[in-house]
Amino acid sequence: MTASPPPAAPPPPAAPGPPAAPGRPAAAPSGPRPVRAPRGTSLSCKGWPQEAALRMLMNNLDPEVAEHPDQLIVYGGSGRAARSWDAFDGIVRSLRDLADDETLLVQSGKPVGVFRTHEWAPRVLIANSNLVPQWATWEEFRRLEALGLTMFGQMTAGSWIYIGTQGILQGTYETFAAVAARRFGGSLAGTITLTAGLGGMGGAQPLAVTMNGGVAICVDCDPTRIARRIEHGYLDVAADGIDDAVRRAVAARDAAEPLSIGLLGNAAEVVPELLAMNAPADIVTDQTSAHDPLSYLPRGVAFEDMGALRAEDPAGFTRRARESMAAHVEAMVGFLDRGAEVFDYGNSIRGEAELAGYQRAFAFPGFVPAYIRPLFCEGRGPFRWAALSGDPADIAATDAAMLDLFPANEPLARWIQMAQQKVRFQGLPARICWLGYGERHLAGLRFNELVGRGDVQAPIVIGRDHLDCGSVASPYRETEAMADGSDAIADWPLLNALVAASSGASWVSIHHGGGVGIGRSIHAGQVCVADGTALAAQKLERVLTNDPGMGVIRHADAGYDEASRVAAARGVRVPMSESAPAAP
C-alpha cells in the first residue's frame, strides 16, 4: 500500500541551504532546503502572472503541503514539482527575470528555454513525463529518470497548482455523495466504507465519507500518515488493531454517527483478512499509490524494510507488489460478490492486478463511469483557487462571493460551509469546488473584481485538478467505458491544452501518467491569475469558458445526449451537429 519512502532516486545530496523567501538571494543554495511561498503584495517578479507561478511552485514544496519536500516530491509517491534542486533554482531565476511578453519552457521539471511571445501567451509552458508510446513503460521511465532526463509530474505536482489534501477532498466528497444518492437514499449514514491509502490523495477519503454522514475504516502502512491526518482533522481516530477498528465502526454505524478510523497495516493483508472474518462493509474502494508498483508495499514486507528492498531489487519488488495488489483486488471483488458497492478510485489497481494474472480484476467499475460522467457531460468539474496574499481572510471573501454568485446552488453552499468548518489550510490558503460550463468564468470575473477593488489583498490564482471533464484521456479512469469506444483517444487533452494556451491561460501543462501511471494516460492542466486588470478579465472569461467547454464537446462527440443538450442550450458550437447550409 501507499508508503512514505519514495520510489524514485533522490536528487544528488547537498548541504541544506537557507529557506527560499521573498527577495533575491545573492547565491541560490544548490541542495535541499525548506521552501515556503512568499506572502503579501510585494513582487519579486516583473508581473503578477510570473509571481503567481513562482509562489505556487514554492507552495507545492511547503512542508505543510508536500510529502517529501526535501526530494521535491509533492504527492503520489514520486510526483515532483521540479527535477532537481538545481532545476528548481533555475526555474525560480527564470520566473524572476521573465518579461510580460516572454514564455518559459519547462521540460519534465527543468527550465530549458525562454522565448519572446506576447502578453496573451502563457508565461510558462510545461511538459512532464511524456514518452513515445513504444517506450512508455515504468521500466524505461525509471531508466531515463536515473539518467536525469525526466521526472514524474503526477498531476498538480508538476503543474504547480497542488493545494494539499483539500484539492482532492471536494471531488472525493462529490463521489461519495453520488454513491449515497445511487445506492443509499442520499446519505451514507448507517453505512461503513472500507478503503486504504492516507497519502496526499487518499487522505481526503475519511473526511469525505464523514461529511456524507458515513463511517470509514482507512488502512495505511505508514503510522506517520495516520497521525498527520488526525492532526489535520481529516481522520478522527486510530484503531488499536483490526478487531478494534471493526468494533468502533459497527458501533458508530448502529448509532448513525459519522466516524473515520485509521487502521495501521498493509492493505494487501488487511482487506483479505476483513473479508475472511466477514467484516461488514457497504462500500469498498482504494486510494493507495497502486499506479506505481514501487510505491505499494508487498505482502510479507515490513514497512521499515520497504526502501531497502525496493532499491536492492526493483524488478522483484514490482512483481511482488503486483501479486499483492492482485490479492487486494480479489478481496475487493469478494466484497462485491457479497453485495457491497465497490469501485476503483482511479489509481490503476485493477490494471496492476490484471498484470499479475487476476482475471476478475475489472469486475467492478471505475468511479467516473459509475458516478461522475453525467457531471462531465455538463462541463462540470474541479475549480480551485489560492490567495497569493497568504491571508485566510481573502479566502473568506471569495467564499462569500461564491455564495452570492450562485445562491440557488445548495450543494455548493453546503460544501463551502462544511469546508470552512472542517478543512485546514496547507500552505497558501485555498479553496475548491465543482463548477460547470457557464459558471467558472463568472467566478473568475468576480474574483478579478475583488482584486481590482481591493476587497482582497493580492491576486487570486485559479486552476483545477487535471481530473476534469475534458482534460484527460485515461482508459482506466476519466475515459473508461466511453459510449463510442473512444477510451484510448488522446487527442482531447492535447486540444484542451492548446485551447487553454490560445485563450490566455497564465501557465499550461501536458503530462503523461498522472494518478494511473506511465503508459496509461495523457492529461492537461491550466492556471489563470486574477490580478484585477482588464486584460486579466478578458483572459479569465475566455479560458474559463473554453476549458469546461472542452468537456461538453468531448462528451457530445462521444454520443452522450446530455452533453449535446447542454451544448445546444448554452451555445457551445459542435460543428458536426450543426445543420449544413442549403445548396445554392
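**Close-up 1. Buried residues of helix α3 in a predicted model.** In helix α3, which spans residues 138-146, W138, E140, F141, R142, L144 and E145 are buried, where buried means under 20% relative accessible area with a 1.4 Å probe and protein chains only. Helices are DSSP runs of H or I with at least four residues, and strands are runs of E with at least two, both numbered from the N terminus. Among the elements that cover the buried residues of α3 is β2 (79-80), and α3 is followed by G148, whose phi is positive, near 80°. The model is predicted, so local features need pLDDT of at least 70 and side-chain atom pairs count only at pLDDT 80 or more, while totals for chains, interfaces and linings use all residues. Residues are numbered from 1 along each chain as its sequence is written, and side-chain values use heavy atoms, with hydrogens and water left out.

**Close-up 2. The surroundings of N347.** N347 lies in the loop between β11 (341-342) and α11 (349-355), and N347 is buried, with a relative accessible area of 5%. Leaving aside residues up to four places away in sequence, N347 touches D286, Q287, T288, A290, H291 and G515, a contact being heavy atoms within 4.5 Å.

How values were computed: Buried means under 20% relative accessible area, exposed over 50%, partly exposed in between (1.4 Å probe, protein chains only).
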